[in-house]
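Me: I have a structure open and want to go through it with you. Can we start with how the elements are named, then take the ligand and a few residues?

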Amino acid sequence: MGVKRTEREAGGTAGAAERVLGVRGPSPLEEVRDERFARHGVRLLLKRDDLLHPEVTGNKWRKLVPNLDAALAGGHRSVLTFGGAWSNHLRATAAAGRLLGLRTIGVVRGEELAGRPLNPSLARCAADGMRLHFVSRADYRERHRPEYLHRLCAGFAAAGPFAEPYVVPEGGSNALAVRGCAALGRELDAAAPPGPRPHLAAVPCGTGGTLAGLAAGLGRDQSALGIPVLKGGFLADGIRRLQCETYGAPRGDWRLDERFHHGGYARTPAALTAFAEDFAARHGVPVPEPVYVAKLLWALTALTAEGAFPPGTVLAAVITG
Ligand SMILES: *Cc1c(COP(=O)(O)O)cnc(C)c1O
């Protein structure tokens, strides 16, 4: 953590993690024709980050690559990170670890899960070799405190290759991850004719690390919109803090619209599921990932219907996974 890396920004040599996990060019930017947008004069583009890597998908690839490079450069043999029982981040970390030959430790919220059959998401992590370490909710809340991290890591001191892990915070969001996600903004800035260049790029938000980087990478005439999927309200502070940690100051033009969480994290009402299936059928794309991406597309459809975007707006929805 805290390692400075600028070669990706300069477009220079790919690091070890990026070589193993696949050096891709910019992810595709595809226009879809959707009456619900067209009738308001809005053009909708899908930024297909879900195609970045088959296992380390979307924004997790952008965030993990610079962190895994730092882990390898620092001589670590293992990576320790945090997540809930259905965490996309834990799954991506486990898969990346397997591909790179790094051991992984997943600190999972909920000690009651220990000793029970694993859900499919955690079973996938375990199959990829991740060592699962279940902790109580009270302990999990300590995950940012240096003393707690120290104690946690010390617990693996005698565990061979798991000892002295490189620590990645929950959701993968740290300064390196923000720099990784800035590349997403730069790709959208560089989008050139014949493809349209977006005025506004929208992402779903968990920790907000992706939005923090996206906004920093966009051009001066572009802005970013975040759709939080958790009920809460402190997200904007967290995003500013991440940008300050990364760049020393807030960056870019971004805002949040907090109205589209659908009851909270992992709540997927039937209407949202039906919307997602219909979107896939209309446009011949995979059914949007339900926890984040479906809520983003729903929000953009609702905002367009409200007249939130002036006619002529080119909108890019980032398909983060
Ligand atoms: C993890 C995840 C997010 C949330 O990203 P943050 O940087 O934590 O805001 C969004 N979309 C998908 C598909 C994810 O898996």
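Reply: Helices (H or I, at least four residues) and strands (E, at least two) are DSSP runs, numbered from the N terminus. Keep in mind that this is a predicted model.

Me: OK. Where does His-53 lie, then?

Reply: His-53 is in the loop between strand E2 (43–47) and H3.

Me: Buried or exposed?

Reply: His-53 is buried: its relative accessible area is 7%, and the cut-off for buried is under 20%.

Me: What does the side chain of His-53 reach?

Reply: The backbone nitrogen of Val-56, at 2.9 Å from the side chain of His-53.

Me: Now the ligand. Which residues come nearest?

Reply: There are 15 residues around the ligand, and Lys-60, Lys-63, Thr-207, Thr-210 and Thr-320 come nearest.

Me: Which elements supply at least two residues of that shell?

Reply: Helix H3 (58–73), strand E7 (200–205) and helix H9 (209–217) each do. H3 gives the most, with three residues.

Me: How do the shell residues divide into nonpolar, polar and charged?

Reply: Nine are polar, three are nonpolar and three are charged.

Me: How much of the ligand does the protein bury?

Reply: Taken alone, the ligand exposes 390 Å², and the protein buries 97% of that.

Me: Different topic. Which residue does UniProt list for "active site"?

Reply: UniProt lists Ser-87, in an unreviewed entry. Ser-87 lies in the loop between strand E3 (78–83) and helix H4 (88–100).

Me: Is Ser-87 counted as buried or exposed, and what does its side chain reach?

Reply: Ser-87 counts as buried because its relative accessible area is 10%, against a limit of under 20%. The side chain of Ser-87 reaches the backbone nitrogen of His-89 at 3.1 Å.

Me: Back to E3. In which sense do E3 and E4 pair?

Reply: E3 and E4 pair in the parallel sense, over six bridges. Thr-81 has Gly-106 in E4 as its bridge partner.

Me: Why is E4 said to be largely enclosed?

Reply: Strand E4 covers residues 103–109, and five of its seven residues are buried, so the rest of the structure largely encloses E4.

Methods
Residues numbered from 1 in each chain as written. Predicted model: local features only at pLDDT ≥ 70, side-chain atom pairs only at ≥ 80, totals over all residues. Heavy atoms only, no water. Near = heavy atom within 4 Å. Areas by Shrake-Rupley, 256 points an atom, 1.4 Å probe, with all protein chains shown as cover. Nonpolar A, V, L, I, M, F, W, Y, C, P; charged D, E, K, R; others polar. UniProt positions renumbered as here; feature names shortened; annotations may be inferred. Buried < 20%, exposed > 50% of the residue type's maximum accessible area, 1.4 Å probe, protein only. Polar contact = N/O pair within 3.5 Å; in protein donor to acceptor, adjacent residues only side chain to side chain. Pairing = 2+ DSSP bridges.
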